[in-house]
Amino acid sequence: MNTMMIEKLDDYITKLKKLRQLKELKQNSTRQEQIDQQYRALVLSVHSMIHLLTYSHNNFHFSVGEQLNALNDLLAKLKRCVATGFAEQDLVTEAQGDFKRIQAVIKRGWEKHYALLTKSTLSTLQVINKLDSALISSYQTRIQTAGTWPTEEAIFIDLNDALSSSEKLIQGLNLDETVSVFLRKMASGRATILDLNSDVLCWIHSNTLEGKIKLSFASK
Amino acid sequence: MDSKIARERLSSVVRPDSITTSQGDFLATHVAIRKIHLLKRFDMAPTGCADCSEAAIFQDLILNPQNKHQFIMVYGHPGTGKSHLIRWFEARFEQELPDNEVVLFIKRSDNTLKGTIRQLLEKPEVQGIADRDLYKRLCKASAVVDENKLKDMIYHNFIIELHNDDGSLPITLPNVRRKRLEAFLNNEVIHDYLMSEDGPIERIYSKIAENATGDVDTVAQFKEEDLIVSSDLYDDMQREGADPKAIKMAHVLMSDTAPEESAHLTQYLNQFLNTVVQNCAGIEPGDFRQIFQDIRRDLFQNGKNLTLFIEDITSFTGVDEALLDALVVEHTGENEEKGLCRISSIVGTTNSYLQSHVRDNYKQRVTQYVYIPDNVFDENEIFEFIGRYLNTMSLPTDTISAWVKDHATAESYPVHTVVEGANWEFVTIACGKKLCLYPFTKNSIRYFYQNNLAAGHKTPRFIIRDIIEPVVNDALNNIENFPSAEFRVLNANTALTYKIHNQVSDQALSERLMRFLSIWGNGNPDKFSDGTVTYISAIPMSILQELHLPVLDLQQSAAPAPIPAAQEVINDQPSSTADSDQNIPIKAKERVDQANQVLSSWINGEPIDISATMGTSNILKAAQKDMCDYLSSSINWQEEGVSVDNFARVTSTTKTLVMFENQTKGRGFYVLPADWESMNIIMAFIRWREYGSQSWDYPDADFDAYLVSSWGAHVKDQIVQAVSPVAEDHETCYVDALIAAEIYRMVLTGDYVSSDLSHLTSKSLLSASREHPLASGHSLRWTSLLRRIERSESVEQKKKFIRRCFSIVQGMDTRTSGVTILRSQDLAQTLSKVKAQKLKVPATSFESNDAIKSRKDAFVDLRNIEERMNDVAQDELSLAKDKLTLIAPHLDLEDVDDDVILDLAENASTFYQEIEKTQINIKAPSMDRVKKSAKQIAQAINDISDILDETDPLKIIMAFSGDPIAALLPLTSLLGTLEHDLKNAVSQMETQQRKLGDVTILENSENRYNAQLSWIDHDLASLDKLR
């Protein structure tokens, strides 16, 4: 059989083909890693946001409305990104864009929802701040930290806790309507001696707040 | 002649120098000269002068009746008889001299300066002069000086004189040229050259050395030709590293202006001659003058006068001017008080010496010039001259002496009793005396005078030396073979030659007869009778019988007219042809004569030179060419079995068809023997060219034409045989070798590719060679042999030669006719024979002694091929094995076909494509050659495999004629490249593999996104809850 050189050549042809495949694999893996990283980061970000959404929804009744569909689509897209077995750059990049848009909308929605959620509490805390400034200020800070869409669930937990504690404090002061009005006017700098009615004065004396309220001339 | 007496007397009578003979013999052989010219002024070659007899001159001048001062110069060419005349004057003078006259005869037998002075001092008249002993001592001053030493002295004295030249001599040389000449003469090569036997120093030496033997008429001086420098001499000087000045001088002396320069230098150097000779001889010019003055004074005191006979003034080389000084001094006038005697001097010299050595002021003081012309004797006087010598030698000395005592008168002139030659011719001299001319005839004397004496030698001296002495000697000592072969026949009569050789079978005898009839007779094939005597070629039959020569049977002719009484000087031109060829130019006759002389010498055993392109040699060369041309055109070569090719080879060699026996240069096929017949043939061709201007239009041409045509027919077979190939095996012709060599060439070049010779036809043998690729796969020995074969001549020429061997040319001239017919059947037969013999010719053919080199070369060429064939075959086989060895590891040689080769090429292509894709740096070779020649490659592998065990060289080279090794080259080249590239590929693949590092991870990439997908699913579920 005349196969000596011919066989040898065949053998080499096979070896060359194998080598070429490995080379291609090697050349693609680095890039793939980068894409994979992007992909994984994106998936994680989406996952975190959905987790926060779930918490905010459950604890603060925050609802993203239409963005749920967008998120749904995004998740579907993220699945497609790795449908070939390797995350595809184009799809990943596309998903990243989608995520940023959704995130912006959600942020804006939260900010609105947050204001509504914390306005009364924060106002009350402001009025009574002088009552226990250190404590109330810490409540205020903890609530205000969650003013922008957080990245961590802990902020939301802290918000939830601060709001609960603040309510408890306010309720413990027994504030009637008149005192509440007076306090609000105090807080807004509009309270006058005229507002110091008996109820108010009684409430002041009962809570030993005489020394804590200062008088000043009102400007016109 | 009386041979008994003559045998004893010959040597004493026959002496070319008249002075050495006895007085009696001198007078007995003396022939009065009647054509002397008297001149008052020197003339080199006087003409139109009145003739004067010697007797008249003797009476009027020599006897000096007026007792006056005389200075007489006797001159003429060498050998004209000056010395003889002076001696005759002296002899007569001695008989009639007055009482108070002293005669001094200075001979030249001693012929040297010192010898001459010694002669003077030995005269009884000067025995009493003062200081005689002193003079004698002077003569012995440098008595014996070594020859070479003396010559060197002469040579270097010239250089000394030249070096010290103060410009006072008449001929001057600018300083630069003088120094160059000095350097030139100082050069060793030039020294040796000028000191050679024929050189000037030898000439001068012979005049002053006492033991020298030189030509008596030699003029001791430099000649113009002495200083001409030949290219060989110049080369020798260069080689010996000559002085630059000497080289410059030599350069001038070999240039176009050399003759003028040499003439000037010769004159310049000859000015120093006297001084040099005097220095070397130890004699001052004043010495000589003094001696003469003393002699004259002594004689005057004794009341005597002096008559001086000087045979040859050249004896006084070195002091000649001093001698002339002494001779021209008159005793009267202002010299009277010196007390000198009257001097009458008769001085002999040659024309040239007078012309060049004697200054004009001396010439003007010569009182009388006596000129002896050449050809001084008329025909009858020559007969008489010879008759007197023959008579004198046949007479006893006593008889001569008695006659001299009796005043040597004409009336009492003794005539010998004829013992031999009574039937021969006689010459009548004064007083009606008849002298027998035996062993001469008048015809023979005419012949010898015309033919044996060169121009300028037709003088008594040469008549004695070149005619009388040799002929008499031959007759005395060799009568049975007389005339012997030394006497050459010139202008032999062709008809006579033929008749002699036809009738006399003995070659020696016929040639002897030819000589006798041609020289002693009239040379014509005539036979006539005057009523009593029958003559053969004008020689009486009795003389032939006396010499035991055969009598020819010749056609009877009328007796010739009687010879007129009035005799003329023998004509220099041969008389025998004078009547018949008046229209032939004299120059042509001279040329034919010269050629005849050379041919006569040739048939007498002398070598013949036809190499020169001028002169007689050229005439003979032309005759030989004419003979060859005649034979070339007259022989029908093809009819004689000499093919066109063969004849072309014959004519293309340097050898001529005909060469002369004993020819000095050149070779030929047919050697024309040096005999009378050949001479006649050659002469006929010479006459055809010279007389007929290459035609048969001249007198007696018909006989020449007959001779030539009969000779052509006679030698045809020998010529054909001479040019035909010589081989022991006559079957084998050089043509076989030519064809065999051509087939070898065709096989080696691939013009014929086959495993056997059966397909080789005449047509393919003669068809043009195809274009061969520049590169071949053959072994070095193969290509070397091929180059060797093709180097000798082109392929076209080889084919042409073979074609010519089998061509018949239509037309008369086989060399120029354009119509040829191929004898194809003969060619096919020869080709079959060569093929059947497997391109071999018998070993004996190689040893053939073929006269034609190109024909012999055919065998030599074939042998060269055959000798190398085995080595070539083995080398080729070895090379093929090497190639197969290269292929064997890669291909199964037993299973090779074109598909296998194509598969290999395809695989290789794919391999290189993969190499390229894998970015491995290996250049892919082209597979085209392998793919295109897949069939040839497979065929070559199979062919070579089949021949590997073959031992027959012819079969092997035929197997390789198609160059299968070259066919393998694309494959072996590809395999080599592949082998190399595979190794290279392995190396580069390993490198790339290393760069890839651990590739196991790359290979397990599944489930990499499981976590993310899980989160997504979870998130999707979370979103659902948010709805």
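Start by selecting Glu914(B) and Arg20(A): these two form a salt bridge, and their closest N and O atoms sit 2.4 Å apart. Keep in mind as you go that this is a predicted model.

**Stop 1: where the chains meet**

You are now at the contact between chain A and chain B.

Next, colour the helices on the chain A side. H1 and helix H2 (67-81) of chain A each supply at least two residues of the side that touches chain B. H1(A) gives the most, with 32 residues. If you colour that side of chain A by residue type, you get 24 nonpolar, nine polar and twelve charged residues.

Zoom out to take in both partners. Chain A brings 45 residues to the contact and chain B brings 48. The area buried between the two is about 4500 Å², and carbon and sulfur atoms give 68% of it.

**Stop 2**

Follow its side chain and you'll see it reach the backbone oxygen of Leu53(A) at 2.9 Å.

Now show what surrounds it. Leaving out residues up to four places away in sequence, Ser56(A) touches His61(A), Phe62(A), Trp110(A), Trp149(A) and Phe156(A). Two of those neighbours are worth a stop of their own.

**Stop 3: rings around Trp110(A)**

A search of the whole structure turns up 46 aromatic pairs over all chains. For one of them, select Trp110(A) and Tyr114(A): the ring centres are 6.2 Å apart and the planes meet at 40 degrees, so this pair is tilted. Both residues lie in helix H3 (residues 89-128) of chain A, four residues apart, which is about one turn of the helix.

How are the rings of Trp110(A) and Phe156(A) arranged? They form an edge-to-face pair, 4.5 Å centre to centre with 70 degrees between the planes. This pair links distant parts of the chain: Trp110(A) belongs to helix H3 of chain A and Phe156(A) to helix H5 (residues 153-172) of chain A, 46 residues apart. Trp110(A) has a relative accessible area of 0%, and Phe156(A) is likewise buried at 0%.

**Stop 4: a cluster in chain B**

Select Trp424(B), Tyr438(B), Phe440(B), Tyr447(B), Phe448(B), Phe482(B), Phe487(B), Phe516(B) and Trp520(B), and you have one aromatic cluster on screen.

**Stop 5: charged pairs**

Side chains of opposite charge can pair when their charged atoms come close. Over all chains, the search of the whole structure finds 33 salt bridges. Here are a few to click through.

First up are Arg177(B) and Glu261(B), whose side chains meet in a salt bridge at 3.1 Å, N to O. Arg177(B) lies in helix H8 (residues 175-186) and Glu261(B) in helix H13 (residues 258-270), both of chain B, so the pair ties together parts that are 84 residues apart in sequence. Arg177(B) is partly exposed at 24% relative accessible area, while Glu261(B), at 13%, counts as buried.

Then try Asp236(B) and Arg239(B), which meet at 2.3 Å, N to O. Here both residues sit in helix H11 (residues 231-239) of chain B, three residues apart, about one turn of the helix. Asp236(B) is partly exposed at 29%, and Arg239(B) is exposed at 61%.

Move on to Lys833(B) and Asp736(B), joined by a salt bridge of 2.8 Å, N to O. Lys833(B) lies in helix H35 (residues 824-836) of chain B and Asp736(B) in helix H31 (residues 734-749) of chain B, so this pair ties together parts 97 residues apart in sequence. Lys833(B) is partly exposed at 29%, whereas Asp736(B) is buried at 3%.

To finish, go back to chain A and select Lys77(A), Glu94(A), Asp98(A) and Arg101(A), which are linked in a network of salt bridges.

Technical notes. Residues numbered from 1 in each chain as written. Chains lettered and ligands numbered in written order. Predicted model: local features only at pLDDT ≥ 70, side-chain atom pairs only at ≥ 80, totals over all residues. Heavy atoms only, no water. Polar contact = N/O pair within 3.5 Å; in protein donor to acceptor, adjacent residues only side chain to side chain. Contact = heavy atoms within 4.5 Å. Buried area = accessible area lost by both parts, 1.4 Å probe. Salt bridge = Lys/Arg side-chain N within 4 Å of Asp/Glu carboxyl O. Nonpolar A, V, L, I, M, F, W, Y, C, P; charged D, E, K, R; others polar. Phe/Tyr/Trp six-rings, centres within 6.5 Å; stacked < 30°, edge-to-face > 60°. Buried < 20%, exposed > 50% of the residue type's maximum accessible area, 1.4 Å probe, protein only.
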